[in-house]
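Thanks for coming. I will go through one structure today and keep it short.

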Amino acid sequence: MSTARVDAAAVEAAYEVLRPVVRRTELEHSVRLSEIVGAPVLLKRENRQLTRSYKVRGAYHLISGLTDAERARGVVCASAGNHGQGLAWSCARLGVDGRVYVPGNTPRQKRQRILALGEGRVDLVVEGSSYDVAGAAALADSERTGAVYVPPFDDVRTIAGQGTVAVELMGQTAMPVHTVVAPLGGGGLVAGLAVWLRERHPQVRIVGVEPEGAASMTAALAAGGPVLLPEVDTFVDGAAVGRVGDVTFPLVRDLVDEVVTVDAGAVCTEMLDLYQVEGIIAEPAGALASAAVRELAGTFPDDSAIACIVSGGNNDVSRYGEIVERSLLHQGLRHYFLVSFPQEPGALRHFLDEVLSPTEDIVVFDYVKKNNRETGPALVGIELESAAGLAGLLDRMEASPLTIERVPPGSPLFTFLM
């Protein structure tokens, strides 16, 4: 791992290497987000990068700088999906053989893209159930075979390559930029952005955004150094890192103004809004930054822009059912209950007529079991027209003779039933 100094000049040198190779992605004005926060919001569309993610910038920059002897030994990496695609594409272009280790939760779409982009140059290895397990396996491979390990974030060459997003962004707008908001997993992108912005545009506020269920940088900042999270929610797979980098940590600590977290439901809501309003396909990590902007509304001046990095667009369409579910739960529009219906005529009719209002729909109805001859508990999912309608629904349930138990999101019972 290279630990040489990374500074604005190193990021600019990486930009010159990458400029003829990677795509100069669009910087687009989001009317929707601008109206929400009361200030211009610009979306840096790294989801339209060559591999649908900024990760190719770091991978190509590192591999292109290897000696002939190092290239001959091949390269290896661990990835939640996007870094692996960047490495695969780079291997195909530079004529280098490689191996990519991914955890078992990596979406099939990302696995298939790694192999396709590698054009026969790259092997895929599935190892463990988290990025950190796959990372340990990739490091062991490097030590065993001599292949050059290509870190997804914790190397100054990777950091410099990923930081070129900021060079591009600031050259694409004449509007003054007040804040740059970027997703934060291991910290490579945010560290690279911060290194360059602090030297070239020191007035810019820098915000890193972590998923609430994998807030490894927040934990590191609290502990004074990188720590391993005891548990990681892998839903936001592109940013689900259990331990931030030793190289990235001090850069984020010293150069970034704020690190915030966003829960998965808010990410899902933003993913759907990006798709339905702007026509942007974003994976969960790709929507982290713009989801955070919504929650930071009120902290931006109205006379300068907020720039968000839409960092990745490698989303598996099979996940949209879960994404819609999580979004509805987050917005308070979907709720679940265990209802014990007496086994007698009219019980279900009473529930439909007296408990539900005309604007409330049953979206799930499933008998869990019959625990005796008189009653049969059912799991009932109800969708509301607005979150404000929950109070009235709960009041009618309380007045009903039926035994009704709410299943709150996040409870062990809810997790088991879902």
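To start, in which helix is the place of Q109? Q109 sits in helix α6, which covers residues 108–118. Please keep in mind that this is a predicted model. Is Q109 buried or exposed? Its relative accessible area is 15%, and the cut-off for buried is under 20%, so Q109 counts as buried. Not counting residues up to four places away in sequence, Q109 touches R52, N314, N315 and D316.

Next, a helix pair. Helix α9, residues 188–200, packs with helix α11, residues 248–255, at an angle of about 50°, and their axes are 9 Å apart. That angle makes α9 oblique to α11. The crossing of these two helices, α9 and α11, is left-handed. On the α9 side the residues are G188, V190, A191, A194, V195 and R198, and they meet T248, L251, V252 and L255 in α11. By type, the residues of this contact of α9 with α11 are seven nonpolar, two polar and one charged.

In soluble globular proteins, nonpolar side chains tend to be buried together. Here the largest nonpolar core has 41 residues, and L193, W196 and L197 have the most contacts inside it. Elements that each supply at least two residues of this core include α1 (8–18), α8 (156–170), β7 (177–183), α9 and α11.

What does L193 contact, leaving aside its neighbours within four places in sequence? The list is G163, V165, A166, V180, A182 and I309. There is also a second, separate core of 36 residues, with L43, C268, Y320 and I323 among them.

Technical notes: Residues are numbered from 1 along each chain as its sequence is written. This is a predicted model: local features need pLDDT of at least 70, side-chain atom pairs count only at pLDDT 80 or more; totals for chains, interfaces and linings use all residues. Side-chain values use heavy atoms; hydrogens and water are left out. Helices (H or I, at least four residues) and strands (E, at least two) are DSSP runs, numbered from the N terminus. Buried means under 20% relative accessible area, exposed over 50%, partly exposed in between (1.4 Å probe, protein chains only). Contact means heavy atoms within 4.5 Å. Axes are lines fitted to C-alpha atoms, for helices over the stretch in contact, and angles run from 0 to 180 degrees between N-to-C directions. Angles under 35 degrees count as roughly parallel, over 145 as roughly antiparallel, 65 to 115 as roughly perpendicular and the rest as oblique. A crossing is left-handed if the near helix is turned anticlockwise from the far one by less than a right angle, and right-handed if clockwise. Ala, Val, Leu, Ile, Met, Phe, Trp, Tyr, Cys and Pro count as nonpolar, Asp, Glu, Lys and Arg as charged, and the others, Gly among them, as polar. A nonpolar core is a set of buried Ala, Val, Leu, Ile, Met, Phe, Trp, Tyr and Cys residues joined through side-chain atoms within 4.5 Å.
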